[in-house]
Amino acid sequence: MTIPLILGILFLIGLAADLLGRSTFLPRVTVLMLGGFVVGPSGLSLLPGNFIDDWFPPMTNIALALIGFLLGHRLALPELKKHGSTIVGISLCKVFGASIVVALGLLLIGMDPVIVVLLAGIAPATAPAAMYDVVHESGASGDFVDTLLSVVALDDVWGLLIFIMMMACAGVLSGNAMMTTGIGEIALGIGGGVLLGVALGVPMAYLTGRIRRGEPLLSEAMGFVMLSAGLAEWFELVPVLTAMVMGMVVATLAKHHDRPFHAIEGIEWPFMILFFVLAGASLRVDTLLIAGGLTAAYVVSRFIAIYIGARLGCR
């Protein structure tokens, strides 16, 4: 199959997902992933395996950079001053609650403590792209939505820090010195991502108020977001964090800070289609069945953990 033919199929799946999302209770993100599963290797095998392997990693970085940039708008200083204590309180309770409850749940079923610690470390991670698209699709707005998306944005920051701590614990429990090297690399990726986001956000904020609306503004917004994703990947940093910090800087410093965010909102859907369809196509049922009991225990404990943590934070 040729690349244009594959892309045509994927975008038509995106069209079907959008139409189904409007007429059913299913979010279009869910439909996209189900569509990807159907055309992927575990389904009808319509997508070549090398296409998935080659396209999924860059699409992941691009999609997360786009969403990270949009979520950065929610973490601008004016927004943090207005809802800061609420956002920080809910996100911290949710993140720590997820790690603690997942760890306790997996320990109760007799899992290896090293594996438990690592799984507890990734438990707080939120899917910002899926959450953002569900909100965007519903057309919801107001204080609740602003708080929700701000919490989703901040979750990933806390999640990265908790993952570093959990990796350190796993290294101590297993006596694996290689994990210490990994911790340093992750910490460097976080710090470097913040610095790169600031370095790109300042010139972008300066340009934003001086560029006409329309295609020039779209070129500026896409150029900076793609640049952030590409440089983050090149320097082995965290693309979503880099783009998020860049968005925070633009939203805080730029006089007409809404313009680049609106430009990105008008173009991100094709990238989201490719990302979610390829994510669904990457699902391997055979691997899932091997770890079936573990997967079920992890999903259930994580669901309970996030609900309890978020509810506590809201209280």
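**Close-up views of a predicted model**

View 1. Ser45 is partly exposed, its relative accessible area being 46%. In this predicted model, Ser45 sits in the loop that links helix H2 (28-39) with H3. Here is something to look for: Ser45 is not a glycine, yet its phi is positive, at about 55 degrees. Most residues other than glycine have a negative phi.

**View 2. Glu236, another loop residue with a positive phi.** Follow the loop between helix H9 (215-234) and helix H10 (239-253) to find Glu236. Its phi is near 60 degrees, a positive value in a residue other than glycine. Glu236 counts as exposed, with 69% relative accessibility.

**View 3. The largest nonpolar core.** This core holds 73 residues, and Leu10, Leu32, Leu47, Phe69 and Ile264 touch the most other members. Helix H3 (residues 49-72) supplies the largest share, 11 residues. Apart from this core lies another one of 17 residues, including Ala98, Val102, Leu119 and Met166.

**View 4. Ile264 and its partners.** Setting aside neighbours within four places in sequence, which residues is Ile264 in contact with? They are Leu66, Phe69, Leu70, Ala221, Met222 and Val225. In soluble globular proteins, nonpolar side chains tend to be buried together.

**View 5. Lys94, a buried lysine in helix H4.** Lys94 belongs to helix H4 (residues 77-108). Is Lys94 buried or exposed? Lys94 counts as buried because its relative accessibility is 5%, below the 20% limit for that label. Not counting residues up to four places away in sequence, Lys94 touches Pro124, Thr126, Asp155, Ile306, Gly309 and Ala310.

Technical notes
Residues numbered from 1 in each chain as written. Predicted model: local features only at pLDDT ≥ 70, side-chain atom pairs only at ≥ 80, totals over all residues. Heavy atoms only, no water. Core = buried A, V, L, I, M, F, W, Y, C linked by side-chain atoms within 4.5 Å. Buried < 20%, exposed > 50% of the residue type's maximum accessible area, 1.4 Å probe, protein only. Helix = DSSP H or I, 4+ residues; strand = E, 2+ residues; numbered from the N terminus. Contact = heavy atoms within 4.5 Å.
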